[in-house]
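Student: Could you give me a close look at one part of this model: the pairing of charged side chains? I'd be glad to hear what surrounds those pairs, too.

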Protein chains: 2
Amino acid sequence: MRSTIDFLLHDWLGVESLCTRPRFEAHSRETFATVLDTCERIAAERFAPYNRLVDKEEPRIEGDAVVLPRYSYEAAKAYAESGMLAAAQDQSMQGLQLPCVIEMAGNAFFLKAGVSLGGGAGLTAGNANLLMTHGTEAQKSVFARQQFAGRWSGTMCLSESHAGSSLSDISTRAVPDGPDHARDLLGPRYRLFGQKTWVSCGEHELTENIIHLVLAKIPRADGSLVAGTRGISLFIVPKRLVDARGVLTGERNDVALAGLNHKLGFRGLPNALLNFGEGRYCVEGRSGAIGYLVGQAGDGLRCMFHMMNEARIGVGLGAVALGYAGFEASLEYARNRRQGRPAGSKGKDFARPQIPIIEHADVRRMLLAQKAYVEGGLALALYCARLVDERRTGTPARAAEAASVLEVLTPIAKSWPSEWCLEANSLAIQVHGGYGYTTDFPVEQLWRDNRLNMIHEGTHGIQALDLLGRKVVMQEGACLELLGARVADTVQRGREEHDLREFAHVLESAFGKVLETVRSAWSGVEPEGVRANATPFLPAFGHTVIAWIWLDLAIAARRVRESHKAGERSPPLRGKLQAARYFFEYELPKIDAWLGVVASCNPTCREMQDDWFCE
Amino acid sequence: MRSTIDFLLHDWLGVESLCTRPRFEAHSRETFATVLDTCERIAAERFAPYNRLVDKEEPRIEGDAVVLPRYSYEAAKAYAESGMLAAAQDQSMQGLQLPCVIEMAGNAFFLKAGVSLGGGAGLTAGNANLLMTHGTEAQKSVFARQQFAGRWSGTMCLSESHAGSSLSDISTRAVPDGPDHARDLLGPRYRLFGQKTWVSCGEHELTENIIHLVLAKIPRADGSLVAGTRGISLFIVPKRLVDARGVLTGERNDVALAGLNHKLGFRGLPNALLNFGEGRYCVEGRSGAIGYLVGQAGDGLRCMFHMMNEARIGVGLGAVALGYAGFEASLEYARNRRQGRPAGSKGKDFARPQIPIIEHADVRRMLLAQKAYVEGGLALALYCARLVDERRTGTPARAAEAASVLEVLTPIAKSWPSEWCLEANSLAIQVHGGYGYTTDFPVEQLWRDNRLNMIHEGTHGIQALDLLGRKVVMQEGACLELLGARVADTVQRGREEHDLREFAHVLESAFGKVLETVRSAWSGVEPEGVRANATPFLPAFGHTVIAWIWLDLAIAARRVRESHKAGERSPPLRGKLQAARYFFEYELPKIDAWLGVVASCNPTCREMQDDWFCE
């Protein structure tokens with residue numbers, strides 16, 4: 001993976017140029033390399049050897065505590081020591097002040113080595129990042145700082161059992177805690193009451209404290225809750241109470257573990273049901289979990305979603321990393337496993353030894369498909385991260401453009417790897433044959449782990465509605481047009497390369513079909529007819545985006561090959577060109593079938609009636 | 001599932017007409033119904049409640065024995081008592097003398113309720129069926145009879161750790177056991193030496209004996225083994241030795257458990273490594289497992305494959321049943337789970353309660369896709385079973401025609417449900433959202449269980465080679481032509497139905513594309529170029545076959561609806577028509593992308609080089 005990451009960062013994204021910007025002036029290609037070296041090493045030493053073990057030794061409850069195997073502690077500690085929790089933070093916060101694209105690249109090594117190790121570091125960093133944007137100075141210095149240092153960890157508490165995708169229906173209540181509640185140095189103080197579910201790392205002893213970010217509603221004077229998302233506010237709810245300087249008071253907050261979910265994968269991370277304010281740990285003699293308001297009341301969902309977009313790119317990156325792990329495992333297996341012989345004109349020659357299965361065309365197909373999926377997905381994730389950097393540190397015009405392109409790419413960055421790198425994992429199992437179905441090889445676990453990614457942080461269907469229902473038409477289609485301009489630029493450059501000309505033509509045509517489909521779908525009168533086919537649009541748009549990425553990568557690879565001097569160690573990148581070819585020839589043609597139903601607002605699913613299902 | 005099975009058996013396949021044939025003259029629609037009632041009831045009572053438990057309580061080794069949870073014993077006993085082990089056997093063998101199509105339909109209930117319960121009944125029946133075809137009278141009355149009665153169970157021992165898909169490379173040896181070896185009443189007696197793996201139900205205490213059917217090679221006089229598959233012979237190797245009357249002698253045969261595989265799914269069934277002849281249980285003071293030759297020496301693979309074809313339809317049926325279980329579970333969940341609200345012209349009205357998620361178009365899409373996959377797959381499996389009956393009991397001309405059509409359909413009957421009913425299980429998880437990812441709901445287990453089906457009994461890639469490399473061109477394409485005639489007949493009838501005319505046209509065109517693709521691919525000079533793209537041909541051919549099946553079902557459903565009288569309880573079958581529509585509009589268009597690479601003998605995967613994968 002490292003050589004591909006280096007190719008993507010330097011030969012394709014030119015990240016070194018970021019070092020001319022004031023924010024990154026302390027950095028260079030060498031410091032970036034050091035970060036990646038460190039991540040790769042720690043992931044190999046402290047994550048990879050334990051990935052199977054944490055799958056087998058599921059977190060369990062002992063008394064009030066959640067017990068994890070010791071590897072989880074060691075991995076979390078190693079990750080914190082790497083400094084990556086504060087990778088993107090200012091040096092004044094003991095951060096590494098790295099570009100997002102380097103942070104993501106470094107994290108890919110950890111995610112590949114053990115996606116459920118590291119104690120939910122992504123959550124902790126995300127939690128603290130949110131506070132850096134929306135929190136008060138006190139909240140930053142007390143809650144964010146400790147998280148960046150790895151002493152405390154963080155969670156997101158959104159869903160309730162009756163309110164998953166429909167967050168507007170949450171019923172956790174937050175009431176002002178006494179007459180002086182507005183004067184607390186840590187922020188307006190409330191008491192929270194309610195139950196949250198699907199809380200990753202919601203309870204454990206990996207760190208001395210856990211900082212929950214909790215969505216809740218502040219009741220009106222008559223006790224009623226504001227309907228819809230406008231009524232939602234965001235609160236910091238520490239597991240253990242702290243004073244204004246951030247020192248633990250020794251008192252436990254009223255947050256109680258109500259149970260753990262037993263999952264198909266991601267089993268190294270505890271996933272908890274938490275009761276807030278049930279009275280198990282009364283504070284000052286009263287039930288109610290102490291929470292500090294973040295930002296404005298009623299503004300909670302906006303604050304949370306500010307970080308959700310980057311979380312979604314992170315989910316995509318995790319899916320890619322799992323796909324990559326399967327690709328590497330099955331490539332190694334295919335090189336070593338011998339089975340069968342080539343059929344010659346007179347049949348098979350049994351006097352010859354069996355051949356490594358990588359010599360069978362169908363095995364090569366399965367490996368090449370994986371390569372096209374996982375490297376294409378990795379490129380997309382890093383491309384999006386590079387856009388995040390542009391949004392943060394580019395000129396105002398370029399920052400705005402980057403932000404708009406990100407709007408349309410984010411649903412794809414999350415959903416496409418979740419679907420196709422899961423398929424890559426299935427192919428990795430298939431390459432292994434029966435062995436892939438056993439726990440003696442890593443691939444079945446990767447496939448189980450990866451199945452989560454189509455569900456959490458906004459399901460596949462939610463991503464689809466976001467993309468087709470909102471993003472492609474927002475700002476009167478301006479975001480989609482900006483993406484189109486980037487695609488057109490790649491097409492133009494592709495036309496100039498003799499052996500890529502055909503792909504440039506095909507990509508132009510495919511993107512044209514996508515635009516025409518959007519126009520056609522939205523030309524009807526019923527938005528519901530469009531939204532009913534949002535999900536088939538997702539892989540169609542995604543495959544077109546990835547084809548664009550692959551053409552762009554192929555152009556970069558050609559450039560590298562042309563400047564390559566014989567005898568140098570730099571790789572000839574023929575595999576990248578072949579993967580691009582695979583994607584254009586085997587994958588991109590699939591879009592027509594998906595786009596067809598979108599363009600025509602096919603009514604079959606909408607018209608299906610409940611009582612027909614059993615007929 | 002029952003109402004769909006009744007529709008398929010009676011309104012579509014007209015199985016009642018079989019009862020006019022001498023073999024089935026004791027049967028009637030009523031006796032068939034009694035069999036299905038019994039299967040449905042036992043499956044519901046003795047299988048379904050324990051399916052999750054046997055997943056959790058994996059088989060384990062204690063001393064020399066494999067310990068299973070008690071539900072496995074009870075389920076195996078209940079299955080044996082149902083008489084289904086001998087469903088297709090003569091009444092003189094205490095069989096039910098049922099058509100294969102009824103046997104498969106009945107087994108679908110067990111497979112849906114608990115695919116890894118029942119103690120590998122399918123294997124036992126398959127083992128005994130093979131002996132009824134290829135065994136001697138003594139072998140039938142000693143080994144087959146006890147298996148049909150459920151007192152003994154059966155296995156297939158084919159793979160060795162270095163010889164999975166490449167069976168020609170097995171190295172288990174069988175040497176004549178003493179000078180009188182040819183005169184044993186149970187068949188020519190050999191001593192076997194070697195190790196077999198992936199032996200489902202290879203060791204357990206569910207039955208008093210286990211009858212292994214083992215592939216091994218009889219060495220030449222110089223001790224060498226005949227290369228290739230022609231050297232393979234088939235042996236009966238009982239776990240416990242028996243005398244010529246079939247009475248246990250009390251002596252253990254030299255078959256030793258070497259380990260159990262730990263699997264992703266199908267965890268209720270132990271999967272063993274067995275050592276034959278290692279000397280752990282010496283017989284008459286010498287090592288070597290006693291085995292009795294079945295059929296002719298060197299004819300073992302043909303004997304084994306005689307039953308493999310029906311085993312492959314059975315694998316497809318199992319995949320369908322798992323898909324069906326997920327469909328039913330997610331349908332129930334979608335009807336009860338409330339989440340979200342419809343977006344009206346003024347946005348969502350939060351004053352209204354949340355709606356059952358089945359009201360969301362995308363959830364209906366996921367349910368309708370499952371319905372199209374699992375009912376289409378079920379119809380294909382029963383269609384194939386009906387062809388088996390025709391082959392066995394039809395007039396010579398019709399039997400020959402049925403056998404030829406079965407040749408081309410068998411790889412699809414096995415592979416299509418393995419791929420698309422697995423996809424159905426993934427959709428079932430998705431309908432459940434986060435809950436689907438937990439062990440509190442059945443769908444994650446179904447998905448894990450189903451992943452096996454693309455691997456065992458000939459991998460997906462092997463099925464593809466069998467189909468494109470052999471079946472579609474065998475007898476100069478005659479088998480494919482016979483299938484084409486059946487498709488044409490459906491197209492003709494579809495044209496006469498006003499609202500199905502369009503689908504008839506589309507199907508005709510799709511089948512034409514398939515034929516043209518086969519012609520185009522095989523018109524080249526290099527068979528390797530064709531075979532390299534065999535796997536993409538599999539779903540293309542499969543989707544076309546299933547579209548044909550769905551059109552045929554739709555025609556049958558229309559006929560039922562037309563003869564339906566108001567007030568009768570018979571179902572109006574609108575769901576079948578809608579699923580057909582879904583399949584034609586959402587699924588069938590996918591074939592173009594798959595066929596494209598087949599027709600052009602796309603060389604991308606063949607040309608990919610090993611050392612390019614890391615570039």
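**Charged pairs and their surroundings**

Tutor: Let's begin with B:Arg2, which is buried at a relative accessible area of 15%; buried means under 20% relative accessible area, exposed over 50%, and partly exposed in between, with a 1.4 Å probe and protein chains only. This is a predicted model, so local features need pLDDT of at least 70 and side-chain atom pairs count only at pLDDT 80 or more, while totals for chains, interfaces and linings use all residues. Residues are numbered from 1 along each chain as its sequence is written, chains are lettered from A and ligands numbered from 1 in the order in which they are written, and side-chain values use heavy atoms, leaving out hydrogens and water.

The partner of B:Arg2 is B:Asp37, with 2.8 Å from N to O in their salt bridge; the rule asks for a side-chain nitrogen of Lys or Arg within 4 Å of a carboxyl oxygen of Asp or Glu. B:Asp37 sits in helix H2 (residues 29-47) of chain B and B:Arg2 in helix H1 (residues 2-12) of chain B, so this pair ties together parts 35 residues apart in sequence. Helices (H or I, at least four residues) and strands (E, at least two) are DSSP runs numbered from the N terminus.

Side chains of opposite charge can pair when their charged atoms come close. By the salt-bridge rule, the count over all chains is 118. Another of them joins B:Glu497 to B:Arg558, at 3.1 Å from N to O. This one also links distant parts of the chain: B:Glu497 is in the loop between helix H13 (478-495) and helix H14 (501-522) of chain B, and B:Arg558 is in helix H16 (residues 534-562) of chain B, 61 residues apart. B:Glu497 counts as buried, with a relative accessibility of 14%.

In chain A, A:Lys239 and A:Glu205 form a salt bridge whose closest N and O atoms are 3.6 Å apart. A:Lys239 lies in the loop between strand E7 (232-238) and strand E8 (240-242) of chain A, and A:Glu205 in the loop between strand E5 (189-200) and strand E6 (209-217) of chain A, so parts 34 residues apart in sequence are tied together. A:Lys239 is buried at 1% relative accessible area, whereas A:Glu205 is partly exposed at 33%.

Now for a network: salt bridges link A:Arg52, A:Asp55, A:Glu58, A:Arg267, A:Glu444 and A:Arg448. Within it, A:Arg52 belongs to helix H3 (residues 51-56) of chain A and counts as buried at 16% relative accessibility. A polar atom of the A:Arg52 side chain lies 2.8 Å from the backbone oxygen of A:Phe441. Not counting residues up to four places away in sequence, A:Arg52 touches several residues, including A:Thr438, A:Pro442, A:Glu444 and A:Arg448, where contact means heavy atoms within 4.5 Å.

A:Glu444 lies in helix H11 (residues 443-450) of chain A and, at 1% relative accessibility, counts as buried. Neighbours within four places in sequence aside, the contacts of A:Glu444 include A:Arg52, A:Ile429 and, from chain B, B:Leu264.

That brings us to the interface. Chain A and chain B bury about 8100 Å² between them, 57% of it from carbon and sulfur atoms; this is the accessible area (1.4 Å probe) lost on putting the two parts together, summed over both. On the chain A side, A:Tyr437, A:Phe613 and A:Glu615 lose the most area to chain B, together 12% of what that side buries. The contact involves 93 residues from chain A and 93 residues from chain B.

Across this interface the rule finds 8 salt bridges. B:Asp169 forms a salt bridge with A:Arg341, with the closest N and O atoms 2.5 Å apart. The side of chain A that touches chain B has 37 nonpolar, 29 polar and 27 charged residues; Ala, Val, Leu, Ile, Met, Phe, Trp, Tyr, Cys and Pro count as nonpolar, Asp, Glu, Lys and Arg as charged, and the others, Gly among them, as polar.

How values were computed:
Polar contact = N/O pair within 3.5 Å; in protein donor to acceptor, adjacent residues only side chain to side chain.
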